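I opened my notebook to go through this structure and write down what I looked up, one topic at a time.

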Amino acid sequence: MIKTLKVRLYPDENQRILLEKHFGSCRFVWNHFLEVRNKYYVGHKKDKKKGLTVFDTMKMLTTLKKEITWLNEINSQSLQHSLVELDKAFKSFFKHNTAYPAFKSKKDKQYFIIPSGFKVKGNRLIVPKFKEGIKYRDKSSIPENIKQIIITRDVDRYYASIQYETNEELVRGNAVAGIDMGVKYFLTTSDGIAIEPINTYRKYEKKLKKEQRRLSIKEKGSENRKKQIVKVKKLYQKIRDARTDFNHKISTAIAKHYGTVVVEDLNTQGMTQNHKLAKSISDQGWYQFRRMLEYKLQWRGGEMIEIGMFDPSSKMCSGCGNIKHDLKLSDRIYHCDVCGLTIDRDLNASINIRNMGLIKVGKGIPEFTPVEIPLAGYLNREGISYVSLNQEPQILEG
Ligand SMILES: [Zn+2]
């Protein structure tokens, strides 16, 4: 199994300049050979050999490096990798009808790939052309079987995404849950744990508005405007980072505890009809969370079951199946007039989601299980706040 570990890099000034040269040169090689391949194709349409191969372009790159000497400052494997990627983009265009390879701009996401030659020494990552090694945040130790490293920049921060091979056995969780994604709580599980949202965006909203207003009055093209743009971008970065961290923690806890998780197929179009709700959705990065949960479950041999959005998960009574048509969005408590069940609205929905998912895959519905202590333990370890929605107060200990 290939896994990825992303670490923050702390290059010194010279290294930062060299990293920037790597971004620029890999982009230059891509753009240069995209044009070369385009021209060749136009000129040889009628010939037997219509297009250039990746090997043709690699040979041409060697010649080009004699003319454009600054390319020699750059790790040659990273430059060659740009040609491999360009070739892949062409193949994908011809075979799968994907978009025609496009020129890359400074405004695109900056990255380059290092396919081999890495070493770790202390808290430094040694890669070709960086003999002294670039400092990294050594929160987690860098694994041994590295396949490749992708270096990226986000505003003014540098990162290394380290892809490595691992044969660690991850244990599949054995519990089953339905999950209701919500606004009051980030999510509610069918065994009664409701996770509080972080709402990072709200916290930074005022600040963001202020800085954006400042930006709007800065003169176009001025140094001050450039500075202000960076300021705004950094605020967005803060929001993104906090959200990603939050989503990682929760998805890890859930994937450890549950082997089967049932979720609703998120249909944004239906959801965004309510503006307040839409804001919370993008705020909380549900899509990112779902993607993380899915691959983390897969790592452990667990499964995610999706059910349609139009199944009446909120309006149906999880006790007797009666449908309460007049349930309002503001009703926090679900009270069933038929069987008398009184239950938190999100808990009721998550139990329905679980049951619908299990029926969909032909499994039986389990007896009601009270709050699952182990999940609480995993959440405690990740520092996530939650409440128990079960009527009987439970003692939650890790
Ligand atoms: Zn009922």
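My entries below cover the metal site, the cysteines, the aromatic rings and the charges over rings.

Metal site. I am working from a predicted model, and I looked up the zinc ion, which is coordinated by the SG atoms of Cys317, Cys320, Cys336 and Cys339 at 2.3 to 2.4 Å. In sequence I find these donor residues spaced C-x2-C-x15-C-x2-C. The four donor atoms subtend angles of 107 to 113° around the zinc ion, so I note the arrangement as tetrahedral; for reference, the ideal angle for four tetrahedral donors is 109.5 degrees.

Cysteines. I checked accessibility and found Cys336 buried at a relative accessible area of 2%, whereas Cys320 is partly exposed at 38% and Cys339 is partly exposed at 41%. My search for disulfides returned zero.

Aromatic rings. I counted 10 aromatic pairs. In one of them, Phe23 and Tyr158 have ring centres 6.4 Å apart and planes at 5°, so I record the pair as stacked. Phe23 belongs to helix α1 (residues 13-43) and Tyr158 to strand β7 (residues 157-165), so this pair ties together parts that are 135 residues apart in sequence. Both Phe23 and Tyr158 are buried. For Phe93 and Phe94 I noted centres 5.1 Å apart and planes at 65°, so that pair is edge-to-face. Phe93 is partly exposed at 23% relative accessibility, while Phe94 is exposed at 55%. I also see ring pairs linking Phe90, Phe93, Phe94 and Tyr100 into a cluster.

Charges over rings. I found the charged end of Lys3 over the ring of Trp299, 4.1 Å from its centre, and Lys324 over the face of Tyr334, 5.9 Å from the ring centre.

Definitions and conventions: Residues numbered from 1 in each chain as written. Predicted model: local features only at pLDDT ≥ 70, side-chain atom pairs only at ≥ 80, totals over all residues. Heavy atoms only, no water. Donors = N, O, S within 2.8 Å, 3.2 Å for Na, K, Ca; no water. Tetrahedral: all angles 85-135°; square planar, octahedral: opposite > 155°, others 65-115°. Buried < 20%, exposed > 50% of the residue type's maximum accessible area, 1.4 Å probe, protein only. Disulfide = S-S within 2.5 Å. Phe/Tyr/Trp six-rings, centres within 6.5 Å; stacked < 30°, edge-to-face > 60°. Helix = DSSP H or I, 4+ residues; strand = E, 2+ residues; numbered from the N terminus. Lys NZ or Arg CZ within 6 Å of the ring centre and 35° of its normal.
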